[in-house]
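This briefing goes through a few local features of the structure shown below, grouped by topic for reading beside the model.

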Amino acid sequence: MSAPNVGGSADGSVRLPKAMKVKNKQPAQRQITAEQILREAKEIQLEDDFKAPKTIITDPQELAEYRLRKRKEFEDTARRVGRWNHSIWIKYAHWEESQKDFRRARSVWERAIDVDYTNTNFWLKYAEMEMRHRFVNHARNVWDRAVSLLPRIDQLWYKYIHMEEMVKETAKARLIFDRWMAFEPDHAAWMAYIKFELRYNEVDRARAVFERYCEVLPSVKAWVRYAKFELQHNDVARARGCYERAMEALGEDCHVEEFFLRFAEFEEMVKEHERARAIYQYALDHLPKAAAQELYTRFVAFEKQHGSREGIEDVVLSKRRFTYEQEIAANPLNYDAWFDYVKLEESTGNHERIREVYERAVANLPPGNEKRFWQRYIYLWIKYALFEELDAGDMDKAREVYRTALKLVPHSRFTFAKLWLLAAKLEVRAKRLPAARKILGLALGSCPKGKLFKEYIQLEMTLGNIDRCRTLYEKYLEWNPANASAWLKYAELEVALAEAGRARALFELAISQPVLDMPEALWKAYIDFEIAQGNRERTRLLYERLLDRTKHVKVWLSLAKFEAEPLPQPEEEEEQQEGEEAQQRQPPPGEGASPAEREARAVRARGVYERGLRALREGAPDAKEEAVMLLEAWRDFEAACSDFRRRVEVAAAVTAVERKMPRRIKRKRAITNEAGLASGMEEYYDYVFPEEAGAAPNLKLLEAAMRWKRQKLAGGGGEGEAAGDGEQQQQQQDGDGQDEEQQQQQEEEEQEEEY
């Protein structure tokens, strides 16, 4: 039978209803969420749960049939899934128990245990069934089998003992505890045994259990519990004995924060404050600092409550020690932390502690054989030696410290002159000069340094051993002949000894060296030496030899000054030593000389200036600033000659020098960046000497324009005066005819400074 054709057409096609348009698209006032829909669906499902019908049994036959049917269901289910679904056996046994058929229930439990005897739930449910129905012996049998098969399951032992206690079988419960303790359970089992004995006021038995407990499980927890037990029973001596026995029995294992905290708290509780303080200090000295934070906090609180001012200071020091120990543990090569730690210990004055920290510090060698790694480390040894010498007063120990430090430094790669010198000065203070010389000689032989030579020479100079000083200077110069300072010091020594010949020979050797680090200082010292000797010819020859090597402007200036001034006379030097009044009456050097002599010196100085200017302009055309410096000095020199020359001659000489002066002009040049590309223009000042004027284009034209501009500014710009002067009109016409570029250059040149 086919379904009727609803809404179909004559040809049998189905017509769908016409889609309706939603007229109101505004949201409804009450919104329905997906969560609400799911909740309503769940509620409908719960209401429609299937409920089994109640079965009413009216006669024994129906009951037997029900039991038979139910057992068959359980058996089928157990046979099918009982191996892995253990809840089937529990339901089966509970159903048999509900039917009061305990024989069958026991049979079900036994079958379940055969399936999996390791299932603790089977044993617990089985024994609980026997206990509920007061089958004590049956329950005891179940518990006994359970703990025999599963002795590591603490829950079975607890339940077994609890049952025996409930039936007032204390002796049997104690036997069960003994059986359990034979398996050496954890701390909770032992404490349960002890609490069991204490419930029946068996203190001696509980103490015996504690002894077994601490023997089987030797730990801080066990001994602390034992001590608390004795303290609770007001036996202070036994409690203290527990802590002391714990330290002997555990050894290093008892060095934990908790043990010392409990021990100190115990002593503080029984008013033994000195004992508590000793325990705190012992713990802080032997425990790692990172593992004793709580201990330190307790110690601070203890000292604030029971300690003196010294004790509080010790606590503060301990806190700072703890901080430094943390820094050192994080980075043993942090030498700054070691320095602070040593400084802290030195403030206490305990020499043993200070030595211990120093030894720990110097044991941390730098990571590599590079001097930068050793620079901070070597000061630890120096401070260590100074402590032994100055604070401890042990010279032998200080000497040993220096000796050990010198052995550690790899002198083949680098050395520390300060270490050698301090070791030698220690021997000098001990009045052992041969030992000091031996140390310095060993230093110079293995790792020579300029500082070592200087200090060794200074030592011998202080002692007045001139021959040794000369020998050391010779060794010094053999080792480093380019050291101009060493040559100067050696020559100064000979000059001080009035050995002019030896000093001159040293200067000659020095300037003949192919390489010198400061040749200018050496030449200056040699020239000053010859000047002091009053030998003008030798000095002049030295200047000439120096000019053969360099044409520097300072050499020319120095030579010109030398030629212009007189040499110092011995009489004048003696007069300078007579006193301040004699110096005021003394005439200036050279003032007493005749005008002819001064004129001769001026001629020689003027010749030097001329040679210098010619050498600078010809040999180094780009050294324009040096040439200007020379000309300025020359002009000042000519102006200073007014004391023995006429004003006309001085003015002519100064004018002659000024004619040689260059003109300073402002110019522009391109700036290039690192890539070599032009990045702009910059202004700079350049000098144009008179001999260069012909090479400069349009220079005369620019000068004429400048003169016209100055005349116009000086005349006030009057028309009659300008019209009456034909030459000025012509210059004005020439200036107006210049192009814009030349006019701009003229304006720039108006701002120049003239020399």
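**Local features of a predicted model**

Apart from neighbours within four places in sequence, E164 is in contact with R140, E169, K172, A173 and I176. These contacts, like everything that follows, are read from a predicted model.

- V167 has its place in the loop between α7 (154-166) and α8 (170-181), and with a relative accessible area of 33% V167 is partly exposed.
- Together with V136 and M166, V167 makes a nonpolar surface patch of about 240 Å².

Helix α34
- Helix α34 covers residues 624-639, and its 16 residues should span 22 Å at 1.5 Å a residue, which agrees with the 23 Å that separates its end C-alpha atoms.
- The buried residues of α34 are K624, A627, V628, L630, L631, W634, F637 and E638.

The β1 and β2 hairpin
- Strand β1 (residues 663-672) pairs with strand β2 (residues 678-688) in the antiparallel sense, over 10 bridges.
- Within this pairing, R664 has Y687 in β2 as its bridge partner.
- Five residues stand between β1 and β2 in the hairpin that they form, and G676, in the turn, has a positive phi of about 85°.
- In a regular strand, side chains alternate between the two faces of the sheet.

Note on methods
Residues numbered from 1 in each chain as written. Predicted model: local features only at pLDDT ≥ 70, side-chain atom pairs only at ≥ 80, totals over all residues. Heavy atoms only, no water. Patch = residues over 30% accessible without salt bridge, like charges linked within 9 Å, V, L, I, M, F, W, Y side chains within 5 Å. Areas by Shrake-Rupley, 256 points an atom, 1.4 Å probe, with all protein chains shown as cover. Salt bridge = Lys/Arg side-chain N within 4 Å of Asp/Glu carboxyl O. Helix = DSSP H or I, 4+ residues; strand = E, 2+ residues; numbered from the N terminus. Buried < 20%, exposed > 50% of the residue type's maximum accessible area, 1.4 Å probe, protein only. Pairing = 2+ DSSP bridges. Expected span 1.5 Å × (residues − 1). Contact = heavy atoms within 4.5 Å.
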